[in-house]
Amino acid sequence: MPAKSKAQQKAAGAALAAKRGDARKSDLKGASKSMEKSMSELELEALAATKHKGKPEHAEGKK
């Protein structure tokens with residue numbers, strides 16, 4: 001599943017680092033904190049590895 005925005009990609013990268021032990025889980029905030037708890041390492045890898053060329057900084061919210 002590819003990331004929809006650069007912000008989502010960055011959050012997934014932070015969550016992935018915490019899940020792997022490269023960063024502290026206590027440093028996570030917001031979306032990255034919930035991603036770390038609810039997603040597998042493979043799912044986080046898929047989001048974090050998405051090419052960000054042409055992606056918006058933030059995805060449009062649901063209306």
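The model is predicted, so local features need pLDDT of at least 70 and side-chain atom pairs count only at pLDDT 80 or more, while totals for chains, interfaces and linings use all residues. Residues are numbered from 1 along each chain as its sequence is written, and side-chain values use heavy atoms, with hydrogens and water left out.

Me: At what angle do helix 1 and helix 2 pack?
Reply: Helices here are DSSP runs of H or I with at least four residues, numbered from the N terminus. Helix 1 covers residues 6-20 and helix 2 covers residues 30-38, with axes 8 Å apart. Axes are lines fitted to C-alpha atoms over the stretch in contact, and angles run from 0 to 180 degrees between N-to-C directions. On that scale the two helices pack at about 50°.

Me: Which word describes how helix 1 and helix 2 lie to each other?
Reply: Under 35 degrees counts as roughly parallel, over 145 as roughly antiparallel, 65 to 115 as roughly perpendicular, and the rest as oblique. The packing angle is about 50°. Helix 1 and helix 2 are therefore oblique.

Me: Which residues of helix 2 make the contact with helix 1?
Reply: Contact means heavy atoms within 4.5 Å. Helix 1 brings Q8, A11, A12, A14, A15, A18 and K19, and on the helix 2 side are A31, S32, M35 and E36.

Me: How many salt bridges does a search of the whole structure find?
Reply: A salt bridge needs a side-chain nitrogen of Lys or Arg within 4 Å of a carboxyl oxygen of Asp or Glu. With that rule, the search of the whole structure comes to five.

Me: How many residues apart in sequence are K10 and E57?
Reply: These two form a salt bridge, with their closest N and O atoms 3.3 Å apart. K10 lies in helix 1 and E57 in the segment after helix 3 (41-48), so the pair ties together parts whose separation in sequence is 47 residues.

Me: Is K10 buried or exposed?
Reply: Buried means under 20% relative accessible area, exposed means over 50%, and partly exposed is in between, using a 1.4 Å probe and protein chains only. K10 has 55% relative accessibility, so K10 counts as exposed.

Me: Which residues are linked with R20 in a network of salt bridges?
Reply: R20 sits in helix 1 and pairs with a residue of helix 3 that is 25 residues apart. In that pair, R20 and E45 meet at 2.5 Å, N to O. The network of salt bridges links R20 with E41 and E45.

Me: Is E36 buried or exposed?
Reply: E36 and K25 meet through their side chains in a salt bridge, 3.3 Å from N to O. E36 lies in helix 2 and K25 in the loop between helix 1 and helix 2, so parts 11 residues apart in sequence are tied together. K25, at 49% relative accessibility, counts as partly exposed. E36, at 9%, counts as buried.

Me: Which residues is S5 in contact with, leaving aside its neighbours within four places in sequence?
Reply: S5 is found in the segment before helix 1. At 4% relative accessibility, S5 counts as buried. With those neighbours within four places left aside, its contacts are K55, P56, E57, H58 and A59.
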